[in-house]
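Welcome! Open your viewer, get your selection tool ready, and follow along one stop at a time.

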Amino acid sequence: MTRRLVMCGGGSLAVEIATFLRDLDAGERGDDVLVTDVVSPGAGRAVDLTAVCGNAFTTHADIASVVAKEAKQFIVCIGDPVVRHTVYVEIVRLGLTLARIVHPRAYISPSAVIGDGAIVYPGVFIGPFAQVGENVLLNAQVVIGHDARLDDSVVLSPSARLCGHAVCGTAAFLGTGASILPNVSLGAYSKLTAGSVLSRSVGDGFLMHGNPAAGRHMYRVPTDEAT
Ligand SMILES: CC(C)(COP(=O)(O)OP(=O)(O)OC[C@H]1O[C@@H](n2cnc3c(N)ncnc32)[C@H](O)[C@@H]1OP(=O)(O)O)[C@@H](O)C(=O)NCCC(=O)NCCS
């Protein structure tokens, strides 16, 4: 059956994801995905997206103007975790269906759980009993150790690593090559900069940097009502 997909976000991340949708088509599951709509407030990379998708799609400034929403699946193609989470909350509030895109060349332990709306790039490793929440974005070569937990809308950049039992709160962000050591937690809306190593748990809204990572900045943490 063909899945009709609405991409929320029309920039470089959307181009990457559209590129590997073709691998899903060719995969063992014979998953056939057609991008029918792109929601992007600006022009984004519409020309490149059209070339990569190989078909025309309708563009929209907002989700509300997508027609036949109930017959389509939505995927958030936005890398900023706060914006990503806001769009996810809107999709859930509207009662729409989230797609889940797992590249066939990712390794997923059979006991791991992956939420709706998650995007798993090629080369990702997800270990036993890991819990990957909804709308999580795992970029190429990410490693999720056994029993690690990622809450909704976490964004991990390429080659980021979570050791066993590590935790990332809602909309947390790891830069390229950043690592969280075993049993260590990064709070909601916190960020660990590229290449940094988090060796002690921190709460919500911290920007952590270095090895061992130390706090450099505090973010305003949105309340539930604001997202
Ligand atoms: C985490 C990161 C994105 C910065 O987050 P941000 O929310 O944009 O942070 P800002 O640039 O607004 O900076 C906030 C504060 O933190 C400081 N800061 C940010 N990054 C820093 C870093 N790497 N080292 C030291 N301080 C840093 C800024 O100087 C600023 O300090 P100030 O409040 O005194 O002015 C950035 O450090 C990083 O890791 N970038 C790599 C992203 C990446 O790997 N992307 C891959 C996508 S595929």
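How many bridges join strand β23 to β24, and do the two run parallel or antiparallel? Select residues 206-210, which make up β23: five bridges join this strand to β24, and the two run antiparallel. Now pick Phe206 and look across to Met218, which stands opposite in β24.

Before going further, please note that this is a predicted model. The protein chain has an average pLDDT of 94, with 95% of the residues scoring at least 70. If you colour by confidence, compare helix α1 (residues 12-26), whose mean pLDDT of 88 is the lowest among the elements, with strand β15 (residues 155-156), the highest at 99.

Next, widen the view to the open sheet. Eight strands form it with mixed pairing, in the order β6-β9-β12-β15-β18-β21-β23-β24. At its edges are β6 (101-102) and β24 (213-218), each pairing on one side only.

Stay with β23 and β24, and select the loop between them to find Pro212. The peptide bond leading from Asn211 to Pro212 is cis, with omega near -5°.

Now show the ligand. Residues surrounding it include Asn139, Lys191, Leu207, His209, Arg216 and His217. Both β23 and β24 give two or more residues to this shell, which divides into three nonpolar, seven polar and two charged residues.

Finish with two loop residues. Asp147, between β13 and β14, has a positive phi of about 65° although it is not a glycine. Asp147 counts as buried because it has 20 C-beta neighbours inside 10 Å. Ser159, in the loop between β15 and β16, also has a positive phi of about 65°. With 19 such neighbours inside 10 Å, Ser159 counts as partly exposed.

How values were computed:
Residues numbered from 1 in each chain as written. Predicted model: local features only at pLDDT ≥ 70, side-chain atom pairs only at ≥ 80, totals over all residues. Pairing = 2+ DSSP bridges. Helix = DSSP H or I, 4+ residues; strand = E, 2+ residues; numbered from the N terminus. Near = placed C-beta within 6 Å. Nonpolar A, V, L, I, M, F, W, Y, C, P; charged D, E, K, R; others polar. pLDDT = per-residue confidence, 0-100. Buried ≥ 20, exposed ≤ 12 C-beta atoms within 10 Å, placed from the backbone.
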